[in-house]
Structures are given as C-alpha cells and as structure tokens.
Amino acid sequence: MTIQSALQHIFSVWQVEKNKPFAKNSLANYITTDFKNAITASSPQQIENYKIAASAGKGAWADVPWLSILNEKITNTTSDGIYPAYLFCADGSGVYLNLMLGTEVPQEKLGKPAARRRATTITNYLYHEIEKLHSWDDGAMDLKSQASRARSYEYAKIGWKFYPASNLPSEDELQADLHEILDIYAQIEPLWVKEFATLEISEEVQKIAAQIPPKSVPQISANTMHKINLPKPFLLLAGISGTGKSRFVREQARVVDPDLNNFLLIPVRPDWHEPSDLMGYVSRINGEEYVATDFLKFIVKAWLAAVASSEKDSYQLKPLADIPSYWLCLDEMNLAPVEQYFAVS
C-alpha cells in the first residue's frame, strides 16, 4: 500500500463513514492502522526509531483526525514538543503534512499568550538554523474546523504542505515530502535538546529569533486598504512555481480577516473541461438535487456579506466602504483550459 492509495481510500469514504457511529468504524480503523502502516513502510529507516501515533477520535469522532511521528528524545506526546503530523481537514477536503508544536502543555504552564510567543520564537529560530524549512509554507492553515484544539493546531504550525483530496500529488512527491520533513526533524533534535528541553528560552535564542524579518510577502495596512484601486476584480498572477503567488493572495485576505474566513483556494485540476467542477451540477442519482461546490458556496457567502437587508425578491446592498473584501484564488489555473471550465453555460 502506498501513501497515495491510502489517502485516496480515506477521502473516497470520508463523507459516508464520518456520518456513521464512531464505534468499530472502518474509516477510523483504517486511519489508525492501514494509513499508519503506509507511512511506516514508505520510510522504514528514517522512522524506525520514532513512535507513530494516529487517532480518529476517542469514543467519538475527532473533528480533525491525525497521524503524528514522535522522536521520544524530543517528546512522547502530541501535547508538547515538536513533531511532523498529517492533519485531515474536518470536511475531508484535504490533508496537511505539517511540522508542528505541541500546544497543551505549554498553554497549561505558561498561559495562552506566553505559549504563543514561545511558539513564534521557536519557529523563527528554527527558520534561522534550518535552510530546508524555507521551502515549506508557513502561512495560515485552514482545517475547516471551529474546534478549539483544531484552532490551536493552526497557530502551532512551523511549516506545512497541503494535499487537496481532489488533486493528490504523485506517490513520488508524497514520499519526497515525507522524507524531507523527517530529515528536517532529525536536524531539529540536537537543537531542541540543547535549547528547548525546558520551557525557558535562552536570551541568545531570543535575540536570534528576533532578528528574523517578517516573511517577504507584500503587506498592506488595514488603514490603507480602502485606498487601493484594483484594476479589475479578476487578476492573473504569473510567475514560476514557488514565487509566492498564491501566498500573496492569501496574505492580502488576512489583512481584512486574520482568521481567513474571507479566503478560499481552489486547486484547479488538469481534467477540468466544463463548468460543473466550479459551479456545481444536478445530481445524476435522482436528477433533482443540485450539488453545490465550495466555489459556489463562497460566492454566496461573499454576496451575503454585501447585503444589508433583503425582502422577497428585493435586496439592499451595504455602502461599498462597508462591504468586506473576499478573495478567491484559482490555484494553478493554467493546468486546465480556462475557456471551458470557467464558461458561464
């Protein structure tokens, strides 16, 4: 079994199985056994001295099922330390491979504000010391969950890559990413043992972390946002892979809403040749139910945010200055013929 085939199976049954009782559920068992075995088999030498733990919940479904890889010289629990983990989005739309910090123990001992400052210091220090981390995304994660634990996962990330359920990478890419994050993890061990074995952080580390500049993404102050006149509501950002086009869009959305409720990224698939992938379609099962996509739901969400009030067949819009901006990013849209999949009819 490969990582890709295991993920394909998980996503293929997600919507059905997560609506069933948790006890003896086949998907929960698959995540904790078969997926765990696929990860172990893909990197036996790198993982042999690590503890692999996976969970889909305890007595009831976890909002965000996960699999973690723990170096017990750093931590033997997901509540503390640092470790790589696969985090499944609550709605089954994808999975993150994430290098993350345990949050519960630091929060209990330091309180949330101090624990977050500590997490930022550790993250900055590791970026300074480990060059390979620079190729991993460090922006906001969206696990599609409002659960407090899931939200703590989102702030405790150090670097991640996202694999959409609708467009999983090849097995070679999935394995390469896993090998790289395990290599980064191995480099972290001596740094962690030396600097972060206790909750206290040395002044030297704090000075180094403080020197890390904000990530090189153009930022726009919320106070000046209204002064920017976009030439069009639909923009094309061109450039080679890895230059930060998608991240630029996300960071502009974050200026208005730090929680990114106003942002949606749609990965475009190479096989999109007509508009149903974006706009939805009538179900072929009964020919009556309309299946709405994330794209369509996001458009409706943006429209509702612009409406001040509505009556039957009548809508009143807010003043333009009061309408929040919503950012929709069609990622890698050049992969499929835009004139076909983005057609109106």
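Asn98 is part of strand E4, which covers residues 94-101. In this predicted model, Asn98 has a relative accessible area of 0% and is therefore buried, since buried means under 20%. Leaving aside residues up to four places away in sequence, Asn98 touches Tyr83, Pro84, Ala85, Leu87, Met141, Tyr153, Lys157, Ile158, Gly159, Trp160 and Ile181.

## Helix H1

Helix H1 comprises 15 residues, 3-17. At 1.5 Å a residue, H1 should span 21 Å, and its end C-alpha atoms are 20 Å apart, which agrees. A bend of about 25° occurs in H1 at Phe11.

Which residues of H1 are buried? They are Ile3, Ala6, Leu7, Ile10, Phe11, Trp14 and Glu17. An α-helix has 3.6 residues a turn, so residues three or four places apart point the same way. The cover over the buried residues of H1 includes helices H2 and H7 together with strands E2, E3 and E4.

## Helix H9

Helix H9 runs over residues 245-256, and its buried residues are Val249, Arg250, Glu251, Gln252, Ala253 and Val255. These residues pack against strands E5, E6 and E11.

The largest cavity holds about 70 Å³ of space. Its lining consists of Leu101, Gly102, Thr103, Pro106, Ala115, Arg118, Ala119, Ile122, Tyr155 and Ala156.

Helix H5, residues 112-129, gives the most to this lining, with four residues. By class, the lining has seven nonpolar, two polar and one charged residues.

Conventions. Residues are numbered from 1 along each chain as its sequence is written. This is a predicted model: local features need pLDDT of at least 70, side-chain atom pairs count only at pLDDT 80 or more; totals for chains, interfaces and linings use all residues. Side-chain values use heavy atoms; hydrogens and water are left out. Helices (H or I, at least four residues) and strands (E, at least two) are DSSP runs, numbered from the N terminus. Buried means under 20% relative accessible area, exposed over 50%, partly exposed in between (1.4 Å probe, protein chains only). Contact means heavy atoms within 4.5 Å. The expected span of a helix is 1.5 Å times one less than its number of residues. The bend at a residue is the angle between axes fitted to the seven residues ending there and the seven starting there. On a 1 Å grid over the protein atoms alone, a cavity is a set of points where a 1.4 Å probe fits but cannot get out, and a pocket is an open set with protein on both sides within 12 Å along at least five of seven lines; lining residues have an atom within 4 Å of a point. Grid points are joined across faces, edges and corners, and a volume is the space filled by probe spheres set on the points. Ala, Val, Leu, Ile, Met, Phe, Trp, Tyr, Cys and Pro count as nonpolar, Asp, Glu, Lys and Arg as charged, and the others, Gly among them, as polar.
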